[in-house]
Amino acid sequence: MIAHEFAYERPTTLEEATRVLTEHSGSVRLLAGGTDLVAWLRDDAVAPDLVVDIKAIPGLDTIELDGDELHVGSLVTFTDLIESEVVAEHAPLLIEMAETVASPGIRNRATMVGNICSAVPSCDAGPVLMAYDTTVHLIGPGGARSVSIDDWFIGLRETACSDDEVVTHLTLALRPHGGVYVKLMRYGGEDLAQAAVGIVEYPGHEYRVAFGAVAPTPIRAHRIEEVLRGKPLGEEVIADAVALVRDEISPITDMRATAEYRARMCEVMLERGLAASHERLEGAGPAYGTRLI
Amino acid sequence: MELSLNVNNEEWALDVAPADVLLDVLRERVGTKSPKIGCERGDCGSCTILIDGRSVRSCLVLAVEAEGHEITTVEGIGADHLSELQNLFISNNSFQCGFCAPGIVLSATELLARNPSPSRHDVQEALSGNLCRCTGYEPIIEAVLAAGERNEEVSA
């Protein structure tokens with residue numbers, strides 16, 4: 001039961017949605033899958049006057065390949081990603097990540113865009129979207145604008161999205177690549193990440209590395225990427241990268257894991273993840289979806 | 001607000017508040033008691049229902065969101081006679097206290113509709129969000145695998 005009362009609107013166009021948001025600026029929450037929002041409403045963690053359900057707006061639930069860009073609408077669920085042939089062929093890391101999110105009953109409802117809008121530290125989509133050079137597209141009263149995923153996460157449950165804006169879709173810049181999403185958790189099913197890393201290697205020895213659940217937001221590991229840039233992966237190069245892990249992350253101790261365990265496992269996950277990404281770039285290595293830890 | 005809800009192929013006209021959660025409306029207003037109130041935060045799976053054939057946590061859905069969609073609970077699946085899967089749950093002794101059973105039957109029903117002969121891994125993955133504190137899961141997994149084997153025999 002939710003103790004707090006609120007009004008509910010279900011606009012059928014983006015224009016109507018942004019108008020409603022502008023009129024109620026400050027005490028409104030957007031509803032897509034609701035797997036975070038309804039739990040937060042029940043906990044009184046949020047107490048909006050108005051909930052705006054965007055599920056009746058057409059066109060937000062599509063996955064589209066457009067040349068070397070992949071557009072993922074804000075109503076695309078984790079199950080939609082897992083079942084998409086286009087995603088399997090062009091952005092398989094999204095599926096490797098989506099398969100680790102909770103269980104089917106959540107994935108059938110929860111959206112990837114909702115995941116980055118909730119912006120909890122263990123947000124699974126964050127590290128992978130960072131590794132895929134993603135752009136977030138929004139629409140608001142001033143029109144459309146876009147934000148790089150690197151500038152998206154501001155803090156705990158805080159993003160670059162204003163109260164009067166709606167995310168319409170994400171654009172992933174596609175290139176040939178090999179990647180991994182390695183998620184440390186106590187058990188499958190409903191557990192959140194204790195630590196996670198998303199890694200992509202592009203041809204020409206260009207790398208992306210981003211961590212989850214070891215800082216207030218998902219974080220891109222720029223120093224690690226820099227030390228790897230232009231270098232073929234070998235034992236020494238990987239060791240140089242691993243030596244930087246503790247400079248990049250700021251894990252805490254909580255009910256899921258100690259800070260030391262998280263830090264040590266990030267080192268292990270980076271070491272194994274870099275090797276697996278490279279093998280996958282070369283068309284070998286463990287199939288996407290194989291657990292590395 | 002006025003809400004028309006399709007539950008197990010029956011139309012219900014209800015007056016609900018936006019803050020009313022679908023699980024509570026199903027149990028208290030519609031009278032379908034098979035979705036259970038467990039953790040009420042999406043962790044345990046005991047409130048699982050099908051919306052348009054997909055398993056969903058009804059504790060994380062507002063009732064108003066369900067308008068225009070088809071809701072299925074165990075009352076709908078077993079309305080005329082028990083499903084093959086339900087019979088296999090009985091013959092495999094897959095229940096003890098039974099609290100998790102409706103959610104697990106629905107999660108497994110979704111799996112078998114999409115993947116008629118699942119592997120053990122497929123079954124474990126499909127049921128990974130449904131907690132059972134009695135059985136140790138093995139008799140449940142055996143029942144779903146047996147349903148898959150029967151599907152295979154039928155299609156062979």
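In the predicted model, 15 residues of domain 1 of chain B are in contact with 13 residues of domain 2 of chain B. On the side of domain 1 of chain B that touches domain 2 of chain B, the elements that contribute two or more residues are β3 (48–51), β4 (54–57) and α2 (74–77) of chain B. With three residues, β3(B) gives the most to this side. By residue class, this side of domain 1 of chain B consists of seven nonpolar, six polar and two charged residues. The domain assignment places domain 1 of chain B at residues 2–77 and domain 2 at residues 84–155. A distance of 22 Å separates the C-alpha centres of the two domains.

Two of the elements on the contacting side, β3(B) and β4(B), pair with each other in the antiparallel sense, over four bridges. Within this pairing, B:T48 has B:R57 of β4(B) as its bridge partner. The two strands form a hairpin with two residues between them, and in this hairpin B:D52 adopts a positive phi near 50°.

In a regular strand, side chains alternate between the two faces of the sheet. In β4(B), B:R54 and B:V56 lie on one side, and B:S55 and B:R57 lie on the other. These four residues are all buried, and both faces of β4(B) are therefore covered.

Regarding confidence, the average pLDDT of chain B is 96, and 100% of its residues score at least 70. For the complex, the predictor reports an ipTM of 0.96 and a pTM of 0.97.

Definitions and conventions: Residues are numbered from 1 along each chain as its sequence is written. Chains are lettered from A and ligands numbered from 1 in the order in which they are written. This is a predicted model: local features need pLDDT of at least 70, side-chain atom pairs count only at pLDDT 80 or more; totals for chains, interfaces and linings use all residues. pLDDT is the predictor's confidence in each residue, from 0 to 100. Domain bounds come from an automatic or database domain assignment. Two residues are in contact if their C-beta atoms, placed from the backbone, lie within 7 Å. Ala, Val, Leu, Ile, Met, Phe, Trp, Tyr, Cys and Pro count as nonpolar, Asp, Glu, Lys and Arg as charged, and the others, Gly among them, as polar. A residue is buried if 20 or more other C-beta atoms lie within 10 Å of its own, exposed if 12 or fewer, and partly exposed in between; C-beta atoms are placed from the backbone. Two strands pair if DSSP finds at least two bridges between them.
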